[in-house]
Amino acid sequence: MDIDAALKAGYAKPWKDSTDAEKINPYNGLLLCNNHEAMFTSGLISFTAGGKLHIAQQIPEERYAEYGLKKGKKISVYPDNGEFFRWHKREIFVDKRKTTNSDSREETIAGE
């Protein structure tokens with residue numbers, strides 16, 4: 001997206017929960033469009049340490065396109081994003097389904 005006004009920086013681990021060092025750590029942040037940042041902040045979407053999108057069950061699959069969501073989508077991440085994305089998935093993501101073996105394996109591999 002090339003419309004700066006439509007982009008918003010978000011934090012995987014909110015400032016209220018972060019140490020001073022985490023607040024200024026660039027790997028705690030990510031740039032998303034306003035809609036996706038709102039979904040991320042509210043826990044309706046999350047990412048694995050490897051960048052794979054997870055979508056909460058509260059969003060019906062037939063409405064994914066309406067929200068610009070694509071099942072299985074991956075974003076580019078750095079290894080240092082992993083600890084923050086794992087925290088977000090565990091503490092903020094509203095869908096507390098058990099992770100599958102492939103999700104756990106991806107979290108472990110990406111976290112190494």
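**Rings, charges and burial**

Mentor: Let us begin with the aromatic rings: ring pairs join Phe40, Phe47 and Phe85 into a cluster. Please bear in mind throughout that the model is predicted.

Trainee: How many aromatic pairs does a search of the whole structure find?

Mentor: Two rings count as a pair if their centres lie within 6.5 Å. With the whole structure searched, the number of aromatic pairs is four.

Trainee: Is the pair of Tyr11 and Trp15 stacked or edge-to-face?

Mentor: The ring centres of Tyr11 and Trp15 are 6.0 Å apart, and their planes make an angle of 65°. Tyr11 is partly exposed at 36% relative accessible area, and Trp15 is partly exposed at 44%. Planes over 60 degrees apart count as edge-to-face, so the pair of Tyr11 and Trp15 is edge-to-face.

Trainee: What is the geometry of the pair formed by Phe40 and Phe47?

Mentor: Phe40 and Phe47 are both buried. Their centres are 5.8 Å apart, with 40° between the planes. Planes under 30 degrees apart would be stacked and those over 60 edge-to-face, so the pair of Phe40 and Phe47 counts as tilted.

Trainee: Phe85 is listed among the buried residues of α3. Which elements are included in what covers the buried residues of α3?

Mentor: The buried residues of α3 are Gly82, Phe84, Phe85, Trp87, His88 and Lys89. Their cover includes α1, β2 (29–33), α2 (34–42), β3 (45–47) and β4.

Trainee: Asn81 lies in the loop between β4 (53–55) and α3 (82–91). Which residues does Asn81 touch, not counting residues up to four places away in sequence?

Mentor: Asn81 has a relative accessibility of 6%, so it counts as buried, the limit being 20%. Leaving out residues up to four places away in sequence, the contacts of Asn81 are Tyr27 and Gly29.

Trainee: Turning to charges, how many salt bridges does a search of the whole structure find?

Mentor: Side chains of opposite charge can pair when their charged atoms come close. Across the whole structure, the number of salt bridges found is seven.

Trainee: Are the two partners in the salt bridge of Glu22 with Lys13 buried or exposed?

Mentor: The closest N and O atoms of Glu22 and Lys13 are 3.1 Å apart. As for their accessibility, Glu22 and Lys13 are both buried.

Trainee: Lys23 and Asp20 also meet in a salt bridge. Why are Lys23 and Asp20 separated by about one helical turn, and what is the N to O distance?

Mentor: Lys23 and Asp20 are three residues apart in helix α1 (residues 20–23), which is why about one helical turn separates them. Lys23 is partly exposed at 25% relative accessibility, whereas Asp20 is exposed at 64%. The N to O distance between Lys23 and Asp20 is 4.0 Å.

Trainee: How far apart are the closest N and O atoms of Arg90 and Glu91?

Mentor: Arg90 forms a salt bridge with Glu91, and Glu91 is partly exposed at 45% relative accessibility. The closest N and O atoms of Arg90 and Glu91 are separated by 3.3 Å.

Trainee: Finally, how far apart in space are Ala38 and Gly10, C-alpha to C-alpha?

Mentor: Ala38 belongs to helix α2 and is partly exposed, with a relative accessible area of 42%. In sequence, Ala38 and Gly10 are 28 residues apart. In space, their C-alpha to C-alpha distance is 8.5 Å.

Technical notes:
Residues numbered from 1 in each chain as written. Predicted model: local features only at pLDDT ≥ 70, side-chain atom pairs only at ≥ 80, totals over all residues. Heavy atoms only, no water. Salt bridge = Lys/Arg side-chain N within 4 Å of Asp/Glu carboxyl O. Buried < 20%, exposed > 50% of the residue type's maximum accessible area, 1.4 Å probe, protein only. Helix = DSSP H or I, 4+ residues; strand = E, 2+ residues; numbered from the N terminus. Contact = heavy atoms within 4.5 Å.
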